[in-house]
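Reader: I'd like a close look at one part of this protein. Please keep to charged side chains that pair up.

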Amino acid sequence: MPEAPEKNLALDIVRITEAAALSSARWLGRGDKEAGDGAAVDAMRVSFSTLHVDGVVVIGEGEKDHAPMLYNGEKVGMGDGPQLDVAVDPVEGTSLLAYGRPNAISVVGVAPRGSMFNPGPSFYMQKLVVSREARDVVDLDAPVDVNLSRVAAALGKQIKDLVVFVLDKPRHQNLIAEIRKVGARIQLHSDGDVAGALMAVDPRSEVDIMMGTGGTPEGVLAACAIKGMGGQLLARLDPQSYVEKDAIVDAGIDMRAVLTVNDLVKSDDCFFAATGISGGDFLRGVRYSSRHAVTHSLVLRGKTGTLRYVESYHNMDRLAKISAVNY
C-alpha cells in the first residue's frame, strides 16, 4: 500500500554535521588534530541534544574510558522519539583537517535500534565498494584483475578508464601493484575511508571502485549511505595486529565471513548526512565570507533512495547570539 511521507531524519542530522563542520573548520591547517576533532565533537553533541530521538551510539569516538563524549554506548537525543542506532565521525580525516588537505568530512548515520553491525574489538576490515551498476558482479575473493574486468564491463568502460580509490598505506603495496599491472588508474589518499566509499557510489564522482583495508567503524558508517545509493560494500574483518585478532576471536566474531552492505546495516529505514570540512572534489569545504559561512553536504534517505546535495549559507553573527555551539 502507498505510504504517506514520513519525517526525513536526514534533514535533521545534516544540521548536526553542518555544526560539526563549521566548528572544526576553524582549525584547518593549524596542525592540531585534537583541537579540530574536539571542536567537532562538542558541536555534534550539543546538536544531538535538540533532536526528538532516543539514540544510542554504536559507532562513536571509542570506549567510554577513552572518549568522554559521543562514546560507544552513550545515549543521544531527547529520548522521546524513535529508537535509533547512531554512528558518528565528527571529523573523518583529522590529519587531513590538521594539515589542510582535501576531503575531511563530518559524518552521521542513523538506523532503527539493533540494525547496525557492532564491530566490537575490530578496528580494520577489507573492503570492496561499487555503485549500483556493478553491485552484482563483484566478489571479495576474486583476483583484482577479475573484479576490475567485471566492473568495467558493468559500467560500459575499458579497464584503463576505471579509477580505483586506495588508501596510501604500506599494507596496500601489493594491491597497488596489481591494479597498475591490470592498467586501471588509481587515486591514492592518505586518509578518508568513508569519503572513499562514498566517492565509489556517488554519481558525480570520477571514482569507480574502492579497494583495500580500512576502518571497521567507518565501514558501518559508509554502509548507511551505500544502502541508500543502491551500491554494494563487501567486507571481511582484517585485523592488523595479534592483539586485535585475539580480541575478535574472544568476542566470538567470525573473521572469515563476508559481510555485505545489508549485514552492516540491516534496515532500509536508515539516514545519512556528510558535510565537507576541508575542500575537495567530493564535497567542498567550509567557506567564510564577511557575513556567512557556506557549507556543502550530502544527505540520504535509505528507504526512498533520495540523494540530496545541500548548499547552506549560515549567518554567523546571528548564530553566535543564539546557539550553544561554539562557532
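Which residue forms a salt bridge with K127, and how far apart are the closest N and O atoms?

Author: The partner of K127 is D193, and the closest N and O atoms are 2.8 Å apart. A salt bridge here is a Lys or Arg side-chain nitrogen within 4 Å of an Asp or Glu carboxyl oxygen. Helices (H or I, at least four residues) and strands (E, at least two) are DSSP runs, numbered from the N terminus. K127 is buried at 3% relative accessibility. D193 is buried too, at 7%. Buried means under 20% relative accessible area, exposed over 50%, partly exposed in between (1.4 Å probe, protein chains only).

This is a predicted model, in which local features need pLDDT of at least 70, side-chain atom pairs need 80 or more, and totals for chains, interfaces and linings use all residues. Residues are numbered from 1 along each chain as its sequence is written, and side-chain values use heavy atoms, without hydrogens or water.

The whole structure holds eleven salt bridges. One of them joins D54 and K75, with 3.5 Å between the closest N and O atoms. D54 is in strand 1 and K75 in strand 2, 21 residues apart. D54 is buried at 14%, whereas K75 is exposed at 58%.

D208 and K157 also meet in a salt bridge, 2.8 Å from N to O. Both lie in loops: D208 between helix 6 and strand 8, K157 between helix 4 and strand 6. D208 is buried at 8%, but K157 is partly exposed at 35%. Shared partners join D54, K75 and R113 into one network of salt bridges.
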